[in-house]
Amino acid sequence: MERCHCCGQIKPGKQLKKKGRWTFLKSLTVGEALTFDNWLEHERARDAARHYNIPHKAFKHTDGSGYSLVIS
């Protein structure tokens, strides 16, 4: 994983398509955020957070640069 150069949020890198790809969401703590460049990856992470019953907030950046998923 890498961090966004402008805001410092976590950007998950390109991962192999396999079962358990989003299991690292369980290890994130309250207040941590993931940043995505495209809508599809954002939706997949949001669906995984729902699946694991992790409280979260998802939104699009106001400047249109990407999407974020914040663990709450």
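The protein chain in this predicted model contains 1 helix and 5 strands. In sequence order these elements follow the pattern β-β-β-α-β-β.

Whole-chain values are collected below.

| Quantity for the protein chain | Value |
|---|---|
| Buried share of the 72 residues | 36% |
| Share joining residues at least 24 apart, among contacts between residues at least 6 apart in sequence | 42% |
| Accessible surface | about 4900 Å² |
| Share of the accessible surface belonging to carbon and sulfur atoms | 53% |

**Strands β4 and β5**

Strand β4 covers residues 56-60 and strand β5 covers residues 67-71. The two pair in the antiparallel sense, with 5 bridges between them. Within this pairing, H56 is placed opposite I71 of β5. The hairpin formed by β4 and β5 has 6 residues between its strands. In that hairpin, G64 adopts a positive phi near 80°. As a general point, side chains in a regular strand alternate between the two faces of the sheet.

**Aromatic rings**

The structure has 2 aromatic pairs. In one of them, the ring centres of W22 and F24 lie 5.9 Å apart and the ring planes meet at 35°, so this pair counts as tilted. The class follows because planes under 30 degrees apart count as stacked and those over 60 as edge-to-face, with the rest tilted. W22 and F24 are both buried, that is, each has under 20% relative accessible area. Ring pairs also bring in F36, so that W22, F24 and F36 are linked into a cluster.

How values were computed
Residues numbered from 1 in each chain as written. Predicted model: local features only at pLDDT ≥ 70, side-chain atom pairs only at ≥ 80, totals over all residues. Heavy atoms only, no water. Helix = DSSP H or I, 4+ residues; strand = E, 2+ residues; numbered from the N terminus. Buried < 20%, exposed > 50% of the residue type's maximum accessible area, 1.4 Å probe, protein only. Contact = heavy atoms within 4.5 Å. Areas by Shrake-Rupley, 256 points an atom, 1.4 Å probe, with all protein chains shown as cover. Phe/Tyr/Trp six-rings, centres within 6.5 Å; stacked < 30°, edge-to-face > 60°. Pairing = 2+ DSSP bridges.
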